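Okay, thanks everyone for coming. Let me put the model up on the screen, and then I'll talk you through how some of its parts pack.

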Amino acid sequence: MVLVVHGLSIGDFATYSILVALVEVFTAVSGLGLTHVILRYVPELYASYQASALRFIVLAAFGLRSIVLVCALGVAWLFSDSIGSWIGVGNAIHALEAFLLIVALRSTNQFLSQILESMLHQGTAQTAFSLIAVGRCVGMLWLTNSNQVMLTDVIWLEVICEAGAMCVMLFGIFDSLWSKKSNGDENVDDDWHNTNRTEVIRFATSAYLQHLATLPFGGNTNRLVGGAMFGSVMMASFGFALSLYEYAKRYLPTQLLIGLIRPIVVARYTTTRNFSVAAGLCEQSLQVNLVILTAMLAVLLVCGEELLGLISGGKYVEHSVVLLCVLLVFLGLETQRLVLEVLAQMVDHYEILIPTNLFLSLSVIGGVAGYALLGAVAFPIANLLALVIANYWTAHRLASMGFRYSHDWAGTGWSLVVFLISVLAGKLCQYAGIHWSISLLVTLMVFGLLFLKIQLKPTIRFARELIGEKA
């Protein structure tokens with residue numbers, strides 16, 4: 001990402017930041033709730049050795065989703081001129097058309113990775129994503145050293161990397177499906193899809209509706225709306241902050257390990273029917289996320305301008321610090337939302353998410369209304385406020401059905417205490433005239449020492465509970 005930020009001009013990076021949002025749009029439209037079906041039922045079928053039913057649900061879901069995705073992208077290609085003008089990339093139609101290949105490959109790779117993760121083959125998925133990362137990095141190094149980097153160069157590089165990763169994951173899935181041994185009861189195995197067809201369709205429909213309902217919410221819609229409203233400089237700064245936010249989101253433990261946490265939580269609940277244990281494990285993962293997010297916030301408040309200037313080559317500093325701070329706070333609430341979604345999925349009540357997802361989607365209106373007063377930061381602020389209300393309502397609805405989720409306020413409070421002390425230490429160094437890099441080290445050292453003293457044991461306990469080891 002750093003190489004892309006440095007290599008592309010401000011105008012090209014603004015366009016790239018808008019096009020990235022198309023991946024989520026087409027993923028949602030083509031999803032049909034099939035991703036959620038995979039995440040809900042594949043762990044159960046895999047754990048019970050129902051090999052025939054497992055192959056049927058994986059292949060049927062993959063085939064149906066692929067057909068819908070190809071049709072949707074074909075329509076987008078036919079109307080690329082109109083779409084380009086709507087989202088503010090009217091001068092880069094060829095880039096938009098080429099980017100549709102990335103949409104097809106990246107969206108499919110996300111789906112394939114969730115199939116692998118549901119079968120506890122995270123290693124294959126992570127290997128494929130690592131190949132993408134390494135390939136992009138090496139390719140960008142070659143591009144930046146050979147000539148001026150153009151947007152189409154970056155797009156074709158990513159197409160090649162995504163295609164290679166898809167081959168790896170497809171091989172891993174087919175190898176896993178046909179090497180899986182059956183439980184020996186072929187009649188039960190073959191009758192699974194007939195017996196559960198109505199339940200699966202109902203679950204997929206609810207999941208699809210809630211996914212579509214939440215589509216206008218968050219960073220991807222903000223990118224598309226921003227492309228139509230912002231100028232190139234503001235859009236590039238906004239895209240830069242969102243890119244950093246998305247990297248932070250990807251590598252937070254709850255998001256990074258969701259492929260591990262979700263099937264474990266679902267499998268434990270289906271065998272024990274103990275909701276409180278599953279909810280407690282999810283909440284502990286949220287608390288680990290909050291520790292990391294408060295550390296990032298502390299660093300940004302102490303020396304955010306210097307760090308972002310270093311990363312972006314001085315291009316995107318003026319607006320990015322405030323934007324990124326708000327986005328990190330938003331990310332904490334978004335992690336809680338993910339936890340609530342996992343729990344609702346686990347107890348087969350995805351329908352309770354639909355009203356709040358519709359409410360979240362309306363928050364984009366608040367962003368548009370507040371833009372004249374607050375600028376681009378109005379969009380994440382509106383999203384953040386909407387998440388507070390939506391998360392509370394979802395937890396309340398789960399509790400009314402007998403599934404009580406409790407937030408660990410004591411753990412959150414300790415994270416805030418560590419955060420405030422670390423920021424104070426870094427600011428004192430700055431006031432003393434110490435170089436910003438030393439202030440950064442002091443901030444991280446204070447945070448690390450306090451973490452070891454206060455929050456290390458709960459983190460170790462979470463890791464042990466996740467792998468089933470008694471503390």
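**Helix packing and the core**

So, let's start with helix H2 (residues 10-19) and helix H9 (residues 151-179): they pack at an angle of about 35°, and their axes are 10 Å apart. Axes here are lines fitted to C-alpha atoms, for helices over the stretch in contact, with angles running from 0 to 180 degrees between N-to-C directions. Helices are DSSP runs of H or I with at least four residues, numbered from the N terminus.

Before I go on, the caveats. This is a predicted model, where local features need pLDDT of at least 70 and side-chain atom pairs count only at pLDDT 80 or more, while totals for chains, interfaces and linings use all residues. Residues are numbered from 1 along each chain as its sequence is written, and side-chain values use heavy atoms, with hydrogens and water left out.

Back to that pair. From H2, Asp12, Thr15, Tyr16 and Leu19 meet Leu151, Val154, Ile155 and Glu158 of H9; contact means heavy atoms within 4.5 Å. By class that gives 5 nonpolar, 1 polar and 2 charged residues. For the classes, Ala, Val, Leu, Ile, Met, Phe, Trp, Tyr, Cys and Pro count as nonpolar, Asp, Glu, Lys and Arg as charged, and the others, Gly among them, as polar.

Staying on H9, look at Met169. Buried or exposed? Met169 is buried, at 0% relative accessibility; the cut-offs are under 20% relative accessible area for buried, over 50% for exposed and partly exposed in between, with a 1.4 Å probe and protein chains only. Setting aside neighbours within four places in sequence, Met169 touches Asn109, Leu112, Ser113, Leu116, Ala125, Ala128 and Phe129.

One of those partners, Ala125, sits in helix H8. Ala125 is buried as well, with a relative accessible area of 0%. Beyond its sequence neighbours within four places, Ala125 is in contact with Ser113, Leu116 and Met169. H8 itself covers residues 122-146 and spans 36 Å from first C-alpha to last, close to the 36 Å expected at 1.5 Å a residue. That expected span is 1.5 Å times one less than the number of residues.

Now the core. How many residues does the largest nonpolar core have? It has 131, and those with the most contacts inside it are Phe13, Tyr16, Phe26, Val58, Phe99, Ile155 and Leu343. Helix H17 (residues 320-346) gives the largest share of this core, 16 residues. A nonpolar core, by the way, is a set of buried Ala, Val, Leu, Ile, Met, Phe, Trp, Tyr and Cys residues joined through side-chain atoms within 4.5 Å. There's also a second, separate core of 5 residues, including Val291, Ala295, Val418 and Phe451.

Val58 is one of the buried residues of H5. Not counting residues up to four places away in sequence, Val58 touches Ile38, Val42, Ile115, Ile173 and Leu177.

Last pair: the axes of helix H18 (residues 353-361) and helix H20 (residues 378-400) come within 9 Å and cross at roughly 170°. So H18 is roughly antiparallel to H20, a label for angles over 145 degrees. The H18 side brings Leu353, Pro355, Thr356, Phe359 and Leu360 against Ala386, Leu387, Ile389, Ala390, Trp393 and Thr394 of H20. That contact has 9 nonpolar, 2 polar and no charged residues.

Leu32 lies in the loop between helix H3 (22-31) and helix H4 (34-47), and at 27% relative accessibility counts as partly exposed.

Technical notes. Helices (H or I, at least four residues) and strands (E, at least two) are DSSP runs, numbered from the N terminus. Angles under 35 degrees count as roughly parallel, over 145 as roughly antiparallel, 65 to 115 as roughly perpendicular and the rest as oblique.
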